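Here is a friendly walk through one protein model. Keep the viewer open beside the text, and turn to each place as it comes up.

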Amino acid sequence: MIPALAPHLPDLHEAAEREPLGLYLHIPFCKDRCTYCSFVTTRDAGLKAAVLAKLNADLRLWGQALGRPEVDTLYLGGGTPSILSVEELGALRHAAEAAFNLDHLREATLEANPGTLDQAWLTAARRLGFDRLSCGVQTLDNDLLARLGRIHDGAEGLDAFRMAQEAGFHRLSADLMVGIPGQNLERVIADARTLVAAGATHLSVYMLDLDKNCPLKAQVEAGKLQLPSDDEVADVFEALQAELPTLGLAPYEISNYARPGELSIHNTRYWERRPYLGLGPSAASHLGCWRWTESSVIQAWSEGRGEAEVQPLDAAAALAEIPLLGLRMHRGVDWEELRARAARLDLQPLVDAWEAALKPFLQHGLLERGGPIIRFTNRGMLLSNTVLETFV
Ligand code: SF4
């Protein structure tokens, strides 16, 4: 249990009773480290037993502390959850079921690396009740995959989808990366088409992010590789915005496209500010008036020594999160509802200030207003970070 939260357990307990939670488990292990990765993960399999023991113990502790609350979405992310053995995966699933009420689970997602999958594992995972697979395909171009340090090739990316369908997974998502050095527009569009034809019902389209120190960033800084220009990247995103709906995948969030009814229920809760509990190193939680993030030092976390970051949310901070997260959704934010909520909290000046700050973005066509709804235009989604800074 996180010491700073202990005095607030009654509040957290009450919040967990109000509506079902999402449960996220972070599996911080990978077979090899990708050249661009800044996630909390390690190749050191020697830490696995301690991390899994702590995850199982935390499931028990939190389940007891919150009174075995209802969980309606389960998500194993990483790292690489598909690196777990069937026994390890089953133990976690059973520990989650013992500690939380999963009777009305609406979705159970596993993130997977195509280079770690086989038919038997997928079949066992499906039998354990996981019904959605999110595959880190990134691209189907073997040269680019090698540049990214991925442990699989394009054929294995597609094979993962074939095996998953054979195992009974029908909800299949692929991560697609944009902005890789050497990547061209035609290739991204061709990959998206191939993945949808192979069974993807959901695509997450990400920009290569070299914010933190990583080998790929060093190569770019040394002039050995060149990133595509902002204009080239914008062209790719615009082409995808036009192409994906023709393949039956509609945008529902800045980075996410899905067939009707196939959006990620778990991830949508983040943007809707619905409660979730994250367990594992670097895992984030939002419950009641609190947000917290567990220590990202894997060994320290597994030994119970890591320090969590705990952030109380006052009324103004909670209000700011509504447009900050809600505008990411394609459907936008009901501004009149936001105004009414601000009035109840005596925070109208905050909304007035935001509205003034958003005016230029509305005038320049990055945002659009339809009735009470404010939302991004297609062009605005490409520059969303600039707009969303308004609420930070
Ligand atoms: S598989 Fe994902 S988490 Fe693991 S090293 Fe690669 S990018 Fe990082």
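This is a predicted model: local features need pLDDT of at least 70, side-chain atom pairs count only at pLDDT 80 or more; totals for chains, interfaces and linings use all residues.

Residues are numbered from 1 along each chain as its sequence is written.

**Domains and cores**

The protein is divided into domain 1 (3-271) and domain 2 (314-392); such bounds come from an automatic or database domain assignment. Between the C-alpha centres of domain 1 and domain 2 there are 28 Å. Nine residues from domain 1 and nine residues from domain 2 make up the contact, where two residues are in contact if their C-beta atoms, placed from the backbone, lie within 7 Å. On the side of domain 1 that touches domain 2, helix 9 (230-246), strand 7 (250-253) and helix 10 (265-271) each supply at least two residues. Helices (H or I, at least four residues) and strands (E, at least two) are DSSP runs, numbered from the N terminus. That side of domain 1 holds seven nonpolar residues, one polar and one charged. Here Ala, Val, Leu, Ile, Met, Phe, Trp, Tyr, Cys and Pro count as nonpolar, Asp, Glu, Lys and Arg as charged, and the others, Gly among them, as polar.

In soluble globular proteins, nonpolar side chains tend to be buried together. The largest nonpolar core has 77 residues, and L23, L25, A164, L176, A192 and L203 touch the most other members. A nonpolar core is a set of buried Ala, Val, Leu, Ile, Met, Phe, Trp, Tyr and Cys residues joined through C-beta atoms within 7 Å. A residue is buried if 20 or more other C-beta atoms lie within 10 Å of its own, exposed if 12 or fewer, and partly exposed in between, with C-beta atoms placed from the backbone. Leaving aside neighbours within four places in sequence, the contacts of L203 include L176, A192, L244 and Y257. A second, separate core of 13 residues includes L319, W335, I374 and M381.

**Around the ligand**

Which residues lie around the ligand? They are C30, R33, C34, C37, F39, T41, G78, G79, T80, N113 and G136, each near in the sense that its C-beta atom, placed from the backbone, lies within 6 Å of the molecule. This shell divides into four nonpolar, six polar and one charged.

C34 is found in the loop between strand 1 (21-27) and helix 2 (48-65). C34 counts as buried because it has 21 C-beta neighbours inside 10 Å. Not counting residues up to four places away in sequence, C34 touches L148, G149 and R150. The C-alpha atoms of C34 and L145 are 9.4 Å apart, although 111 residues separate them along the chain.

Strand 1 runs parallel to strand 2, joined by seven bridges; two strands pair if DSSP finds at least two bridges between them. In strand 2 (residues 71-78), eight of its eight residues are buried. G79 is found in the loop between strand 2 and helix 3 (86-99), and a cis peptide bond with omega of about 20° joins G78 and G79.

Three strands form an open antiparallel sheet in the order 13-15-14. Strand 13 (333-334) and strand 14 are the edge strands, each pairing on one side only.

| Strands | Bridges | Sense |
|---|---|---|
| Strand 14 (residues 367-370) and strand 15 (residues 373-376) | four bridges | antiparallel |
| Strand 13 and strand 15 | two bridges | antiparallel |

V333 stands opposite I374 in strand 15, and E368 stands opposite R375. E368 counts as partly exposed because it has 15 C-beta neighbours inside 10 Å. G370, in strand 14, counts as exposed, with 8 C-beta neighbours inside 10 Å. In the hairpin of strand 14 and strand 15, with two residues between the strands, G371 takes a positive phi near 60°.

**Backbone details**

Most residues other than glycine have a negative phi, and most peptide bonds are trans. R68, in the loop between helix 2 and strand 2, has a positive phi near 45°. R273 also has a positive phi, of about 60°, although it is not a glycine. R273 lies in the loop between helix 10 and strand 9 (276-279).
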